[in-house]
Amino acid sequence: MNTKYFDLINQTYYFPQDEFKLNKDNLQFHNIDLMKLVEQYGTPLKFTYLPQISNNINRAKAWFRKAMEKNKYEGKYYYCYCTKSSHFEFVMNEAFKNNIHIETSSAFDINIVENLLENGKINKSTYVICNGFKRDQYITNIARLINNGHKNAIPIIDNYEELDLLQAEIKGKFKIGIRIAAEEEPKFEFYTSRLGIGYKNIVNFYKKQIQENKNLELKMLHFFINTGINDNSYYWNELVKCIKVYIALKKECPTLDGLNIGGGFPIKNSLAFEYDYQYMIDEIINQIKIACDEAEVDVPNIFTEFGSFTVGESGGAIYQVLYQKQQNDREKWNMIDSSFITTLPDTWAINKRFIMLAVNRWNDQYERVLLGGMTCDSDDYYNSEQNMNAIYLPKYNKEKPLYIGFFNTGAYQETIGGFGGIHHCLIPQPKHILIDRDENGILATEVFSEQQSSEDILKILGYAKK
């Protein structure tokens, strides 16, 4: 009878997979022995596997290169990293090994750009796509960057007033883009994105405020879908409308030569995850080319802004099951040594699901459980996987510690969780380690940040001795 945890996973999914394998009854992630990490660093533990950042960047570049060759597409492709997914220096250092560009969303992003320039991680030919609603400090920082000679810094106009604000601080001629205010999916509580300028208003906006202005060079139309690049009628409908606007604008504006298709690729959130990246890119490139050829305008250079896709699949978290509580006839609660609200906030805020697997004891029998965090909040729990309305783990045994891992958690969780700050119920921030490989494939680990101490928390709260 197949009653082991391994049997469950093997019967439910195709297993092993590229990044997940077993060593006896312990899980390996990208050939990293996770139990060795636990033995060396303890739990709770956050980690970032740096090579996966470069892997995903180069996968996307290859897909676009192949699609452009297949479709005889004469434009260029530019991969931009969306910084808001993870601003950490170790992410930037890895990402910018790969000749990519950058997208910003707020004032302090520009300070990061300047640091990258100073340290030779990027140069003045790197595109800096400045998105977001811009006021005061963000405008000032963008202007400083451009005034210091970064000609490929392109502020994306979000509203009519931004042009005047930018021109007041930028000396001489500069490049700009315009963001389209896309229509949201029908399930949204509103119809049109709060960001950007409406489809019907863009050409008139260009004619009235940009066309005769010798200091402005319109280079990019920016199109962003909040739900990402997905093979559904909503996405394709919005893309077609965007292409029509690009063609109409291109006929009025010869300098326009860039289309930023915005929105992100999905990342793997289940062992049953399926997504044909190459097909989607082929179809996007094909649709743009057909429409431009029919309208007899040059195809645009393509820009993408991948954030979660860049960094998400590099991250993970490991917890220990401390105790099991049998609360009624049906519900068993496995209590972890941290909090979902504080360390994986998207599980609580938007009901996001990550890949969750046992790290050890795969040859033990399994049981259905609920996972509970350490805070006193009733919402601090995790109760289902992406493709099944349940969680199964090796049976709890207080004599045999059980460790569980959450994978592909590298985007947004640290910033939304307030890295370095105080957390709900003062649950300390876990230790975070970085994992890398040298040219010979040898693993190296280092501690990026230690688990928060009581002194750290008291200092933030104002209790530190003066």
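Tutor: The lining of the second largest pocket divides into four nonpolar, six polar and five charged residues. Here nonpolar means Ala, Val, Leu, Ile, Met, Phe, Trp, Tyr, Cys and Pro; charged means Asp, Glu, Lys and Arg; the others, Gly among them, are polar. The model is predicted: local features need pLDDT of at least 70, side-chain atom pairs need pLDDT 80 or more, and totals for chains, interfaces and linings use all residues. Numbering starts from 1 along each chain as its sequence is written, and side-chain values use heavy atoms, without hydrogens or water.

The lining has 15 residues. Nearest the pocket centre lie Asp18, Glu19, Gln52, Arg59 and Glu313. Helix α3 (residues 51-70) gives the largest share of the lining, four residues. The pocket volume is about 300 Å³. A pocket is an open set of points on a 1 Å grid over the protein atoms alone, where a 1.4 Å probe fits, with protein on both sides within 12 Å along at least five of seven lines; lining residues have an atom within 4 Å of a point. The volume is the space filled by probe spheres set on the points, which are joined across faces, edges and corners.

Now the strands. An open antiparallel sheet holds three of them, in the order β1-β2-β3. Its edges are β1 (20-23) and β3 (32-33), each pairing on one side only. Strands are DSSP E runs of at least two residues; helices are H or I runs of at least four, and both are numbered from the N terminus. Pairing takes at least two DSSP bridges.

Four bridges join β1 to β2. Lysine 21 stands opposite glutamine 28 in β2. Two residues separate the strands of this hairpin, and lysine 24 in the turn has a positive phi of about 60 degrees. β2 (residues 26-29) then pairs with β3 over two bridges. Phenylalanine 29 has isoleucine 32 as its bridge partner in β3. That hairpin also has two residues between its strands; histidine 30 takes a positive phi near 50 degrees.

Last, helix α7 (residues 162-169). Glu162, Leu163 and Leu166 are buried there. They sit on the same side of α7 because they cover an arc of only 100 degrees around the axis, taken from the directions from the helix axis to the C-beta atoms. Asp164 and Ala168 are exposed, on the face turned away from the buried side. Buried means under 20% relative accessible area, exposed over 50%, partly exposed in between, with a 1.4 Å probe and protein chains only. The cover over the buried residues includes α6 (137-147), β8 (153-157) and β9 (174-181). Contact means heavy atoms within 4.5 Å.
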